[in-house]
Amino acid sequence: LPQRRQPTFEKPCCVTMLVPRRAFSAALPALLLSTRSPAAEPSTVDRIRLPAPSRTVAVGDLHGDCDAFVNVLRTAGLVDATARWTGGDAVLVQCGDVLDRGPQEAECLALLRSLKMQAAAAGGRVVTLLGNHEVLNACGVTSFVSEAGATAFGEPRALAFRPGGALARELAGWPVVCVVGDTCFVHAGLTPEVATPIRAAAANTAAARWLSGDEPL
């Protein structure tokens, strides 16, 4: 069999458009257009490029609906009746927008944390990408938060995901762009100007440093 060609990002191909393009805050385009050199400060999210697994499952826009998320995972054969990982070496890519709208945001985050550990122990991987709603929350925008979500994280929602805080530092480990096998995953999409190795890596680095509170956007 011919070897799989590794993606080069040189052409706007292999970009999976999983959700409709929406109005982003000013922050996400700034991250994508960052010119910061990823080589200046190595990070685990500079370039997430995983070899092709036996199976890849991508799920986007959970928006605080953990019950629906579990149903999707069960249908895909990634978890059992108790929401424990059964996917073996499969890769699950959650394509962003875990936050806002629904009342089960905390449950979604808790499940993703658990599945990341379980999948890794079984030889698989769970990758969570940043969506515009994660960025909006880090910017203090609460327009899309449900009544339950307003108090779900123990402090005023406008502060809960502020850069440098515990939740934002967790989001700092979520890349903007990742490649699994020969497919590039991102929330919404990439323009040809951004779809290069240097720009993709710089976007991941810029997002991580901003959310960690290390430097302003």
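Visitor: Which residue just after α7 takes a positive phi?

Guide: Gly213 does, with a phi of about 85°. Keep in mind that this is a predicted model.

Visitor: And α7 itself, what span should its 15 residues have?

Guide: Helix α7 covers residues 197-211, and at 1.5 Å a residue it should span 21 Å. Its end C-alpha atoms are 21 Å apart, so the two values agree.

Visitor: How many of the 15 residues of α7 are buried?

Guide: Twelve are, so α7 is largely enclosed by the rest of the structure. Among them are Ala200, Asn204, Arg209, Trp210 and Leu211.

Visitor: Let's turn to strands. How do I read the faces of β3?

Guide: In a regular strand the side chains alternate between the two faces of the sheet. In β3, residues 56-59, Val57 and Val59 lie on the covered face, while Thr56 and Ala58 are on the uncovered one.

Visitor: Which strand is joined to β3, and how many bridges join them?

Guide: Strand β4, residues 91-94, runs parallel to β3, and four bridges join the two. Thr56 has Val91 as its bridge partner in β4. With helix α2, residues 66-75, these strands make a right-handed β-α-β unit.

Visitor: How do I describe the way α2 meets α3?

Guide: Two packed helices are described by the angle between their axes and the distance between the axes. Here the axes of α2 and α3, residues 105-121, come within 9 Å and cross at roughly 35°. From α2, Cys66, Phe69, Val70 and Leu73 meet α3 residues Glu107, Cys108, Leu111, Leu112 and Leu115. Eight residues of this contact are nonpolar, one is charged and none is polar.

Key:
Residues are numbered from 1 along each chain as its sequence is written. This is a predicted model: local features need pLDDT of at least 70, side-chain atom pairs count only at pLDDT 80 or more; totals for chains, interfaces and linings use all residues. Side-chain values use heavy atoms; hydrogens and water are left out. Buried means under 20% relative accessible area, exposed over 50%, partly exposed in between (1.4 Å probe, protein chains only). Two strands pair if DSSP finds at least two bridges between them. A crossover is right-handed if, with the strands pointing away from the viewer, the path from the first strand over the helix to the second runs clockwise. The expected span of a helix is 1.5 Å times one less than its number of residues. Axes are lines fitted to C-alpha atoms, for helices over the stretch in contact, and angles run from 0 to 180 degrees between N-to-C directions. Contact means heavy atoms within 4.5 Å. Ala, Val, Leu, Ile, Met, Phe, Trp, Tyr, Cys and Pro count as nonpolar, Asp, Glu, Lys and Arg as charged, and the others, Gly among them, as polar.
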